[in-house]
Each structure stands twice: as structure tokens, then as C-alpha cells.
Amino acid sequence: MALKVELRPHERIIVGNCVITNTDQRARLLIDGDNVPILRERDILTPETADSPAKLVYLAVQLMYISPDPQSQHGTYFNLVRDIVTAVPSAWPIIEGINNNILNGDLYRALKDARKLIAYEEKLRSQFEATHPLAEAPNADVSSAA
């Protein structure tokens with residue numbers, strides 16, 4: 001079954017190991033093929049944008065997904081998830097889903113589950129910030145203390 005993709009002007013997409021950049025008009029593509037990795041620009045993380053532990057996990061899974069040798073990223077991935085589970089054991093059910101998809105060879109579904117890990121991390125971060133507001137900096141005006 002072919003995948004229908006509509007690209008906005010200048011939007012990029014990865015198909016296999018190629019980056020395709022759209023021109024200045026909307027375009028509709030029909031992509032047909034077996035086990036060809038496809039990632040839209042909005043789903044692509046770069047090392048610069050992977051600025052949290054969960055995003056680094058997503059990046060490792062993304063690299064597995066687009067790599068002809070996905071196992072080359074397994075070491076990095078498993079080190080990252082070990083660190084996350086050690087710090088946040090409640091993330092285990094999400095990571096277990098990612099692991100199962102990787103082991104079953106369904107890397108696209110593993111990417112989708114890695115998005116859930118990013119959302120969970122953001123939820124925990126916002127809960128922490130709500131319960132631990134930043135302390136105001138003390139008044140720097142020392143002249144009144146003299």
C-alpha cells in the first residue's frame with residue numbers, strides 16, 4: 001500500500017537515505033515500497049535539537065530507523081534508557097514499549113513510543129517546575145544593609 005504525503009513549500013522529508021526538499025509549491029507524493037524509512041521534517045531531531053534525555057533516546061531510535069545497520073545504535077540507545085530508568089523508574093512502561101518494538105524490528109512504532117517518552121519527560125518537568133518555583137534572587141542592593 002502506498003503512502004500519501006503532502007509537503008508544504010520548502011518542507012523536507014527523508015525517504016530511505018535521501019533527503020528530499022520540496023520546491024516553493026505544495027506537492028503530493030505517493031511513496032510505494034517495502035520497509036523504506038520515511039520521516040517528515042517535523043519528526044526529525046538533530047543532535048542540536050536533542051536537548052534532553054528523552055530526546056536523545058528518540059534520536060538514537062531515529063538513527064536506527066534510517067540506518068541500513070540499526071544494531072549499530074543499540075549500544076547508545078540502551079545506555080541512554082538505562083540512565084533514564086535509573087533516574088525515573090516510572091518511565092519504564094514507556095521504555096519497555098520502545099524496547100519491544102525495537103526487538104520486533106518495528107522501528108517506526110518505536111519512534112512513536114519515543115515521542116510518548118518525550119511527552120512524559122515534559123510532563124514531569126512541568127510538574128517539578130510547578131511544585132518547585134525558582135527562588136527569587138536576593139536583593140543585590142547592599143547599600144541599604146550598611
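Q: How many residues of domain 1 are in contact with domain 2?
A: Eight residues of domain 1 touch nine residues of domain 2, with contact meaning heavy atoms within 4.5 Å. This is a predicted model, where local features need pLDDT of at least 70 and side-chain atom pairs count only at pLDDT 80 or more, while totals for chains, interfaces and linings use all residues. Residues are numbered from 1 along each chain as its sequence is written, and side-chain values use heavy atoms, with hydrogens and water left out.

Q: OK, and where are the domains in the chain?
A: Domain 1 is 1-44 and domain 2 is 45-131; the bounds come from an automatic or database domain assignment. Their centres, taken over C-alpha atoms, are 23 Å apart.

Q: What area do domain 1 and domain 2 bury between them?
A: About 640 Å², with 57% of it on carbon and sulfur atoms. Buried area here is the accessible area (1.4 Å probe) that two parts lose on being put together, summed over both.

Q: Switching topic: where is histidine 10?
A: Histidine 10 sits in the loop between β1 (3-7) and β2 (12-15); strands are DSSP runs (E, at least two residues), numbered from the N terminus. Its phi is near 65°, a positive value in a residue other than glycine.

Q: Is histidine 10 buried or exposed?
A: Histidine 10 counts as exposed because its relative accessibility is 53%. The cut-offs are under 20% relative accessible area for buried and over 50% for exposed, with partly exposed in between (1.4 Å probe, protein chains only).

Q: And glutamate 11, buried or exposed?
A: Glutamate 11 is in that β1 to β2 loop too, but counts as buried, at 2% relative accessibility.

Q: What does the side chain of glutamate 11 join up with?
A: There's a 3.1 Å polar contact with the side chain of arginine 40. A polar contact is a pair of N or O atoms within 3.5 Å; within protein, one must be able to donate a hydrogen and the other to accept it, and residues adjacent in sequence count only if both atoms are side-chain atoms. A polar atom of the glutamate 11 side chain also lies 2.8 Å from the backbone nitrogen of arginine 8.

Key
Helices (H or I, at least four residues) and strands (E, at least two) are DSSP runs, numbered from the N terminus.
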